[in-house]
Amino acid sequence: MIELDNITKVYKMGRTELAALRGISLRVEQGEMVSIIGPSGSGKSTLMNIIGCLDKPTLGQYRLEGIEVNMLNDNELAQIRNRKIGFIFQSFNLLPRTTALANVELPLIYIGAGNRRQRASQALESVGLAHRAKHRPSELAGGEQQRVAIARALINNPSLILADEPTGNLDTQTSKEIMLLFKQLNQQGITIVLVTHEADIAAYTQRTIRMRDGQIEASG
Amino acid sequence: MKLWDCFITALRAVSSNKLRSGLTMLGILIGVAAVISMVSLTRAEQTMMTESFESLGANLIYVMPGASSTMFGMGGPLGTAQTLTLEDAEAISDSRNAPSVAMVAPVIETSAQVVAGGENLGARIAGVTPEYQYVNNLVLAEGSFITKPDYTGRSRVVVLGSQLAQELFGLRSPVNQTVRLDGRQFKVIGVLESKGGAFGLEDLMAYAPLSTVQSTLTVQRTSSTGHTIQAISVQARSEETIDSAKAEITDILRQRHHIREGEDDDFTVMSMDAISGIADQMYGMIELVLGAIAGISLLVGGIGIMNIMLVSVTERTREIGLRKAVGAKRRDILTQFLTESATLSLCGGAVGVALGWIVVKLASAISANLGFPFPAMIPGDVIALALGVSIFVGLASGLYPAIRAARLNPIEALRHE
């Protein structure tokens with residue numbers, strides 16, 4: 001599913017170069033649920049961005065479902081993100097002034113898909129929010145907003161869900177509900193990679209990858 | 001991303017911040033409204049002017065005393081110099097000298113105190129010959145025009161312009177009534193139809209036989225070549241012979257006035273089409289000035305839109321990042337913001353057209369109340385042009401902000417606070 005070989009990412013900050021990732025090699029199999037933990041500055045966000053095809057590595061190879069990601073141009077990357085990956089963010093990133101339903105529809109706009117309304121409704125239903133379809137994000141509780149974001153991530157039937165601190169803005173009870181939802185999705189066969197720094201969140205996953213200073217400290 | 005989705009997204013964005021959108025539109029709105037109303041009013045005026053010119057008479061040539069030295073050849077010399085004579089007119093009407101000329105109508109003009117019943121007012125009196133009616137395309141409302149016997153017999157008869165007749169006699173028929181011109185009795189033999197339009201002055205005039213006016217109302221003036229008159233109206237045989245008629249008239253007059261080779265004419269020969277050409281030129285200049293004003297206001301409006309779009313891109317950086325994360329390509333973001341600025345501008349333009357239409361309607365209504373009715377309409381091509389230009393301004397001013405949005409790095413955009 002995810003094959004990373006000796007991935008290095010170097011940021012240029014003026015004249016100094018900052019290595020955010022130093023030779024990461026990692027495999028995630030189809031249907032796995034993996035957490036990446038580590039202190040801030042350890043490079044876990046950078047790793048997520050590369051896995052999510054938002055960023056390209058400076059060195060090394062990345063294959064996603066056998067596709068050589070390094071070879072793709074911006075438009076092809078956008079297409080991969082649209083069709084294969086669902087993103088979940090700490091701060092939900094829903095469009096304000098737009099209903100839950102329209103938020104869920106958003107990825108479908110960019111592939112010009114038909115019967116969007118219906119597909120979005122189904123996705124909302126699958127996260128248990130059908131009754132809140134017409135509400136705007138500001139009218140929804142944090143857990144509900146994150147469910148809308150999950151429905152949006154699911155809309156194109158992705159094979160991979162990437163969640164960056166998905167419970168960071170939620171209370172313990174809601175966090176638990178969201179993690180159970182992730183587990184449920186994982187059982188349906190979706191690969192899930194999530195970044196967190198909370199050990200009890202990582203405990204929901206089958207495997208934890210511990211990062212420090214741009215390298216994998218421990219995996220398993 | 002389909003254009004329709006872009007448009008829906010744009011409308012949502014525009015309507016989500018109504019006050020800001022409204023204020024941004026204002027620049028375009030005012031510009032378009034001003035241009036629409038000004039252009040429409042000028043066009044209406046121009047149409048009326050053209051109709052007036054046409055009502056003056058076909059294939060008409062004016063001969064006036066004095067050289068045409070002033071700008072546009074209009075205004076200056078008329079009536080001040082005294083170089084034209086009745087004998088000049090007779091020479092022009094001789095078809096051996098001027099084969100292209102169909103009819104000649106000499107005019108002397110004076111003013112007189114006109115009294116009828118209790119009414120007493122000053123009016124311009126034109127001393128004319130029977131030909132004047134045909135050359136100048138005068139239509140009688142009732143009665144008859146001055147005849148040959150009236151002219152040769154120096155009859156004291158007068159034909160009244162429509163408005164003058166109304167002011168003197170009200171609703172009564174003036175025909176066969178008596179009026180006094182500077183104390184002398186004249187019989188009214190006819191009343192003219194109104195010419196209206198831009199030349200309403202003619203409706204206030206009275207026409208009497210040239211011979212009568214010469215002998216009774218003016219001090220006889222003669223020059224070396226004969227009896228002085230103020231103007232000669234000439235009708236060419238056809239539209240094609242206007243230019244040759246003008247040349248023939250010029251030749252005759254130069255010869256009669258003993259003007260040597262190289263010296264300037266002491267008279268002005270001007271055909272109606274040349275005069276209306278001058279008017280068209282003037283309207284062309286007015287439209288040019290209006291166009292410049294429009295350009296400036298649209299530029300200002302465009303800068304306003306660009307400003308707001310830049311603010312909007314900054315404010316919605318996270319939204320752009322998210323859209324990119326879920327699969328928006330650069331193109332999609334570019335189109336989204338371009339559509340948004342074009343929609344903004346087009347809305348402003350559309351409201352501007354509506355506002356301009358209201359202004360034209362109002363102006364027309366007010367003008368009609370004052371007695372100068374004109375048709376209130378906004379030409380379709382002006383509307384289309386205004387809306388097209390609005391869209392163009394929107395696209396042009398949205399281009400830079402849209403490019404900036406499209407180039408945003410999704411990771412940094414998502415991290416933006």
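Predicted model: local features only at pLDDT ≥ 70, side-chain atom pairs only at ≥ 80, totals over all residues.

Biologist: Are α3(A) and α4(A) oblique or perpendicular, then?

Modeller: At roughly 120°, α3(A) is therefore oblique to α4(A). Their crossing is right-handed.

Biologist: Which residues meet there, in α3(A) and α4(A)?

Modeller: From α3(A) they are Ala100(A), Leu101(A), Val104(A), Glu105(A), Leu108(A) and Ile109(A). In α4(A) they meet Arg116(A), Arg117(A), Arg119(A), Ala120(A), Ser121(A), Ala123(A) and Leu124(A). By class, the contact has eight nonpolar residues, one polar and four charged.

Biologist: Arg116(A) is on that list. What does the side chain of Arg116(A) meet in a salt bridge?

Modeller: The partner is on the other chain: Arg116(A) and Asp5(B) form a salt bridge through their side chains, at 2.8 Å from N to O. Across the interface of chain A and chain B, the rule finds two salt bridges.

Biologist: How many residues of chain A and chain B are in contact?

Modeller: On the chain A side there are 24 residues, in contact with 22 residues of chain B.

Biologist: And what area do chain A and chain B bury between them?

Modeller: About 2100 Å² is buried between the two chains, and 57% of that lies on carbon and sulfur atoms.

Biologist: Back to salt bridges. How many does the structure hold over all chains?

Modeller: Over all chains there are 27 salt bridges. One of them joins the side chains of Lys84(A) and Glu65(A), at 3.0 Å from N to O. This pair links distant parts of the chain, the two residues being 19 residues apart.

Biologist: Where do Lys84(A) and Glu65(A) sit?

Modeller: Lys84(A) is in helix α2 (residues 74–84) of chain A, whereas Glu65(A) is in the loop between β4 (59–64) and β5 (67–68) of chain A.

Biologist: Now chain B. How do α2(B) and α11(B) cross?

Modeller: Helix α2 (residues 18–56) and helix α11 (residues 330–369) of chain B have axes that come within 6 Å and cross at roughly 40°. The two are therefore oblique to each other, and the crossing is right-handed. Their contact has 16 nonpolar and nine polar residues, with no charged ones.

Biologist: What about α9(B) against α11(B)?

Modeller: The axes of helix α9 (residues 272–315) of chain B and α11(B) come within 11 Å, crossing at roughly 140°. That angle makes α9(B) oblique to α11(B). This crossing is right-handed.

Biologist: Which residues are involved between α9(B) and α11(B)?

Modeller: Ile305(B), Met309(B), Ser312(B) and Val313(B) of α9(B) meet Phe337(B), Glu340(B), Ser341(B), Leu344(B) and Ser345(B) of α11(B). Five of the residues in this contact are nonpolar, three polar and one charged.

Technical notes. Residues numbered from 1 in each chain as written. Chains lettered and ligands numbered in written order. Heavy atoms only, no water. Axes fitted to C-alpha atoms, helices over the stretch in contact; angles between N-to-C directions. Helix = DSSP H or I, 4+ residues; strand = E, 2+ residues; numbered from the N terminus. Parallel < 35°, antiparallel > 145°, perpendicular 65-115°, else oblique. Left-handed = near helix turned anticlockwise from the far one by under 90°. Nonpolar A, V, L, I, M, F, W, Y, C, P; charged D, E, K, R; others polar. Contact = heavy atoms within 4.5 Å. Buried area = accessible area lost by both parts, 1.4 Å probe. Salt bridge = Lys/Arg side-chain N within 4 Å of Asp/Glu carboxyl O.
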